[in-house]
Amino acid sequence: MCQLMGMNCATPTDFNFSFRGFKCRGGNTDIHAHGWGLAIYEGRGVRSFHDPLPCARSPLADMVSNYPIKTLNMMAHIRYATQGAVSLENVHPFQREMWGIQWTFAHNGEVPKFTHNPQECNGQDTAEIPMLGPCTEASFHPVGDTDSEAVFCAMLNALRAEFTTLPTLPVLYEAIQKLCGEIVRGDEEETIFNFLLGCGQFTMFAFSWPGSREGSTVWNGLHYLVRYPPFRTAELKDVDYSVDFNETNDETDRVAIIATKPLTTNENWKEFERGQLLMFDNGLPYSRPYECLGIERCGRGLSSRAIPRSEICPYRYQSNIPGLLRQSVCRALGKEERDRELSVVWAERAVDLGCGSGLSGEEFRTCVGHLTGVDLNPEMAKEARDRGCYDRIVVGDADYHEGILYKDDDGEEHVGIWDYDFVFACDLFAYIGDLRPTFSNARRSLKNRGGTFAFSAEIINMSLGELKKEDDDTGFVMQSCARFAHKRWYIASLVKEFGFETLLSTESTILRHHDGEKVVGTLFVLSLPSSQVD
């Protein structure tokens with residue numbers, strides 16, 4: 001299989017460091033010796049380099065790796081051919097113009113729906129491209145023989161058929177989500193589908209449906225990290241080389257790196273969840289449509305001189321969850337809603353896991369003495385801080401298996417377990433499959449005081465006894481909208497495993513809307529009884 005590398009930045013940045021390690025995998029430290037390519041956005045244009053030679057031994061790759069091109073958005077690909085000949089037309093990234101925008105695409109994996117099945121036509125091999133979404137007629141066609149290029153063309157055909165004006169970023173995010181679900185559906189076990197999709201100088205989408213080829217132990221997925229101030233030294237994995245980014249970068253810089261496998265040995269790379277779609281912009285990942293809307297409102301959406309922008313719908317991406325969760329907690333604890341107006345405090349110390357832009361913090365602020373917000377996205381954390389409703393904001397990973405992983409002011413990473421009597425998470429679990437680490441962190445945080453753990457979840461109502469042999473017994477599934485839904489028996493098992501008691505769980509609560517349809521879920525309010533407190 002192939003390998004991918006992408007970079008998305010807040011300020012123009014060169015990619016020499018990451019590419020220095022990545023190119024070694026093209027026939028030196030790894031087997032991907034069947035060609036390589038780069039697509040580098042510069043304003044409205046794209047600088048492209050392609051070579052069917054092994055990247056590790058390519059004079060062109062040596063030239064590019066020493067050429068200090070700076071960019072906000074780029075992707076690279078090294079190929080191990082499983083479909084199509086070793087030839088220039090099959091080298092990624094692929095590129096097409098649509099809506100007056102240069103789109104680029106690089107893929108790792110195998111997609112059964114798009115496997116090339118040649119048919120004879122006028123003495124030549126041809127292949128029909130499957131239609132996706134509302135598309136009935138193809139405008140984009142592959143030049144080479146790979147399933148990767150066929151998928152790219154089909155996705156562009158579907159987007160072109162669906163929109164007559166430039167979609168806003170949250171609308172585009174949801175449209176790509178749907179296409180990914182359609183591509184995988186019916187071939188979930190056989191499909192390996194990891195891609196980078198560039199759509200202009202600012203924005204890149206990355207999706208992962210990981211897996212291993214039959215008979216192989218090599219895992220094909222995607223990982224990412226974000227480098228932001230304060231910076232530290234990074235050490236490459238494939239070559240003896242390191243850079244102290246504190247000496248080369250300043251406080252305005254921020255860089256997101258995406259790779260099939262981690263490129264460095266001393267940084268904390270995060271693996272994509274199966275079926276996860278992330279939008280990268282300004283050097284940060286976004287996974288919620290309302291977060292994408294915030295980027296759109298900053299003027300960093302799609303830009304074209306050919307067709308007009310769509311209007312932003314001010315109500316489409318509003319969430320009911322923070323207010324509904326507060327109501328449920330008040331009901332479970334016997335508190336009055338009028339306590340909000342009276343500013344009655346019933347929790348001394350609370351933590352908001354996955355606080356996002358701070359809407360949930362605003363909802364719970366009046367009932368909490370000291371409120372901490374935790375979010376993996378530094379930009380969201382900054383937005384939450386600007387709301388002024390938190391006493392402390394931490395940029396960290398709430399589902400790290402040993403605690404909350406965060407950076408201090410000097411850029412050093414730490415694992416924190418703090419002392420709280422109220423832990424809550426609004427719309428976080430839809431982005432986490434395995435909830436065990438998060439339950440463990442909540443249990444640890446409450447161990448000294450006891451207290452309450454409240455959260456929302458999108459639920460599949462299936463008991464453990466209803467599972468058939470062929471059913472997945474992991475307790476969670478990825479929905480077609482690329483959000484996780486959890487099975488009720490799974491959450492019940494975690495409640496029991498970590499010593500919680502259920503005070504309240506709602507039935508069929510409308511949490512949000514998707515494509516005009518109501519999405520129902522459950523609000524849980526748990527307690528850690530005194531018998532479980534250390």
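1. Pro93 sits in the loop that links strand 4 (70–78) to strand 5 (94–98). The bond between His92 and Pro93 is a cis peptide, with omega about -10°. Helices and strands here are DSSP runs (H or I with at least four residues for helices, E with at least two for strands), numbered from the N terminus.

2. Before going further, some ground rules: this is a predicted model, in which local features need pLDDT of at least 70 and side-chain atom pairs count only at pLDDT 80 or more, while totals for chains, interfaces and linings use all residues. Residues are numbered from 1 along each chain as its sequence is written, and side-chain values use heavy atoms, with hydrogens and water left out.

3. There is another cis bond to look at, from Pro229 to Pro230, with omega near -5°. Pro230 belongs to the loop between strand 11 (223–227) and strand 12 (233–235).

4. Which way does phi point at Trp99, positive or negative? Trp99 has a positive phi of about 60°, although it is not a glycine. Its place is the loop between strand 5 and strand 6 (101–110), and Trp99 is buried with a relative accessible area of 9%. Buried means under 20% relative accessible area, exposed means over 50%, and partly exposed is in between (1.4 Å probe, protein chains only).

5. Asp427 also deserves a click: this non-glycine residue has a positive phi of about 60°. Asp427 is in the loop between strand 23 (422–425) and helix 11 (436–446), and is buried at a relative accessible area of 11%.

6. Now the chain as a whole. Its secondary structure comes to twelve helices and 30 strands. Of the 534 residues, 56% are buried. The accessible surface is about 22,100 Å², with 46% of that belonging to carbon and sulfur atoms; areas come from the Shrake-Rupley method with a 1.4 Å probe, and for residues only the protein chains shown count as cover. Among contacts (heavy atoms within 4.5 Å) with a separation of 6 or more, 69% are between residues 24 or more positions apart.

7. How many residues does the largest nonpolar core have? It has 89, and Trp103, Met155, Phe193 and Phe422 have the most contacts inside it. A nonpolar core is a set of buried Ala, Val, Leu, Ile, Met, Phe, Trp, Tyr and Cys residues joined through side-chain atoms within 4.5 Å. Helix 4 (residues 169–184) gives the most to this core, with ten residues. Leaving aside neighbours within four places in sequence, Met155 is in contact with Phe105, Leu132, Ile176, Leu179, Ile183, Phe193 and Phe195. A second, separate core has 32 residues, including Ala398, Ile459, Phe476 and Phe500.

8. Helix 4 also packs with helix 6 (residues 289–297), at an angle of about 140° and with the axes 7 Å apart. Axes are lines fitted to C-alpha atoms, for helices over the stretch in contact, and angles run from 0 to 180 degrees between N-to-C directions. The two helices are therefore oblique to each other: angles under 35 degrees count as roughly parallel, over 145 as roughly antiparallel, 65 to 115 as roughly perpendicular, and the rest as oblique. On the helix 4 side, Leu169, Pro170, Tyr173 and Glu174 meet Pro289, Cys292, Leu293, Ile295 and Glu296 of helix 6.

9. Please look at strand 16 (residues 276–281) too. Six of its six residues are buried, so strand 16 is largely enclosed by the rest of the structure. In a regular strand the side chains alternate between the two faces of the sheet. Here Gln276, Leu278 and Phe280 point one way, and Leu277, Met279 and Asp281 the other.

10. Strand 16 pairs in the antiparallel sense with strand 10 (residues 203–209) over six bridges, where pairing needs at least two DSSP bridges. Ser208 stands opposite Gln276. Strand 16 also pairs with strand 17 (residues 284–286), antiparallel over three bridges, and Met279 has Tyr286 as its bridge partner there. Two residues lie between the strands of this hairpin, in which Asn282 takes a positive phi near 60°.

11. Finally, an open sheet of three strands has the order 25-27-26, with mixed pairing. Its edge strands are strand 25 (459–460) and strand 26 (476–478). Strand 25 runs parallel to strand 27 (residues 484–487), joined by two bridges, and Ile459 stands opposite His486. Helix 12 (residues 488–497) packs on the sheet, touching strand 25, strand 26 and strand 27, and its direction makes about 70° with that of strand 27.
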